[in-house]
Amino acid sequence: MQAARGTSLSDLNDTAAPTPAPVRRPRLQALAVVVAAAGLTVDQLTKTIAVDRLTGRPDIEVVGELLQLHLTRNPGAAFSTGTGFTVALSCLAVLAAVVVAWLVRRVGSPLWALSLGLLLAGITGNLGDRLFRAPGPLRGHVVDFLMLPNWPVFNVADICITAAAVGIVLQTFRGIAIDGRRDGA
């Protein structure tokens, strides 16, 4: 006898929703932290080398005119915008780093872990310049040294931020939330 029309009395015919894979948060959090630490280290090392080797020198062609080394110190944001707001940009970067670090606690997808790690590396790399470089704390100028034609001079931290943005947009279009769940699932 059926309880209701079309309803089975046994669970044998029911298709159970697949259970989600166990969340690997500790491993994914560790991935984000390792990526952030590696990105920050590479950024700071390359900036130190750039300042040491490029100060007072003309541009160096690495790949013809496609990629050149050109040392500049940027008090503003991308495209040297907001040069009069260095302190505000520094405070915003501190806030952004805290938010990203908080989001890393919820990470449930490898691409999200990689993206958040890269974003944290980029934010902290440029923030480190603003905190510890001349002309002083919260007013320091970011060291940029990579130059492409018709593009602002940039650094490894900027590359990390851009790669993170690509990963975040990709995950968003795929409908995968930070915790690894698909939207609507």
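# Helices, burial and packing

Student: D129 lies in helix α3. What makes D129 count as buried?

Tutor: This is a predicted model, in which local features need pLDDT of at least 70 and side-chain atom pairs count only at pLDDT 80 or more, while totals for chains, interfaces and linings use all residues. Residues are numbered from 1 along each chain as its sequence is written, and side-chain values use heavy atoms, with hydrogens and water left out. A residue is called buried under 20% relative accessible area, exposed over 50%, and partly exposed in between, with a 1.4 Å probe and protein chains only. The relative accessibility of D129 is 0%, so D129 counts as buried. If contact means heavy atoms within 4.5 Å, then D129 touches Q44, K47, G140, H141, V142 and V143, leaving aside residues up to four places away in sequence.

Student: Why is L45 called exposed?

Tutor: L45 is found in helix α1, and its relative accessible area is 52%, a value that puts L45 in the exposed class. L45 and V156 are 111 residues apart in sequence, although their C-alpha atoms are 9.7 Å apart in space.

Student: How do you know which stretches of the protein are helices and which are strands?

Tutor: Helices are DSSP runs of H or I with at least four residues, strands are runs of E with at least two, and both are numbered from the N terminus. By that rule the protein has four helices and three strands, and along the sequence they follow the pattern α-β-β-α-α-β-α.

Student: Why are α2 and α3 called roughly antiparallel?

Tutor: Two packed helices are described by the angle between their axes and the distance between the axes. The axes are lines fitted to C-alpha atoms, for helices over the stretch in contact, and the angles run from 0 to 180 degrees between N-to-C directions. Angles under 35 degrees count as roughly parallel, over 145 as roughly antiparallel, 65 to 115 as roughly perpendicular, and the rest as oblique. For α2 and α3 the angle is about 150°, with the axes 9 Å apart, and this pair is therefore roughly antiparallel.

Student: Which way does α2 pass α3, and what kinds of residues make the contact of α2 with α3?

Tutor: The crossing of α2 and α3 is left-handed, a word used if the near helix is turned anticlockwise from the far one by less than a right angle, whereas clockwise would be right-handed. By class, their contact has 14 nonpolar, three polar and one charged residues, where Ala, Val, Leu, Ile, Met, Phe, Trp, Tyr, Cys and Pro count as nonpolar, Asp, Glu, Lys and Arg as charged, and the others, Gly among them, as polar. Among the residues that meet are V100 and A97 in α2, and L116, L120 and R130 in α3.

Student: What makes α3 roughly antiparallel to α4?

Tutor: The axes of α3 and α4 come within 7 Å and cross at roughly 150°, and that angle makes α3 roughly antiparallel to α4. α3 also passes α4 in a left-handed crossing, and the contact of α3 with α4 has 13 nonpolar, seven polar and two charged residues. One of the α3 residues in this contact is G122, which is buried, with a relative accessible area of 0%. G122 touches A157, C160 and I161, not counting residues up to four places away in sequence.

Student: How do you know that α1 and α4 are roughly antiparallel?

Tutor: α1 and α4 pack at an angle of about 150°, with their axes 8 Å apart, and they are therefore roughly antiparallel. Here G39, V42, D43, T46 and K47 in α1 meet V156, A157 and C160 in α4, and these residues divide into four nonpolar, two polar and two charged.

Student: What makes a set of residues a nonpolar core, and how many residues has the largest nonpolar core?

Tutor: A nonpolar core is a set of buried Ala, Val, Leu, Ile, Met, Phe, Trp, Tyr and Cys residues joined through side-chain atoms within 4.5 Å. The largest one has 31 residues, and V100, W112, L116, I123 and F145 have the most contacts inside it. α1 (25-54), α2 (86-104), α3 (110-132), β3 (142-147) and α4 (156-174) each supply at least two of its residues, with α3 giving the most, nine residues. Setting aside residues up to four places away in sequence, V100 touches L116, L119, L120 and I123.
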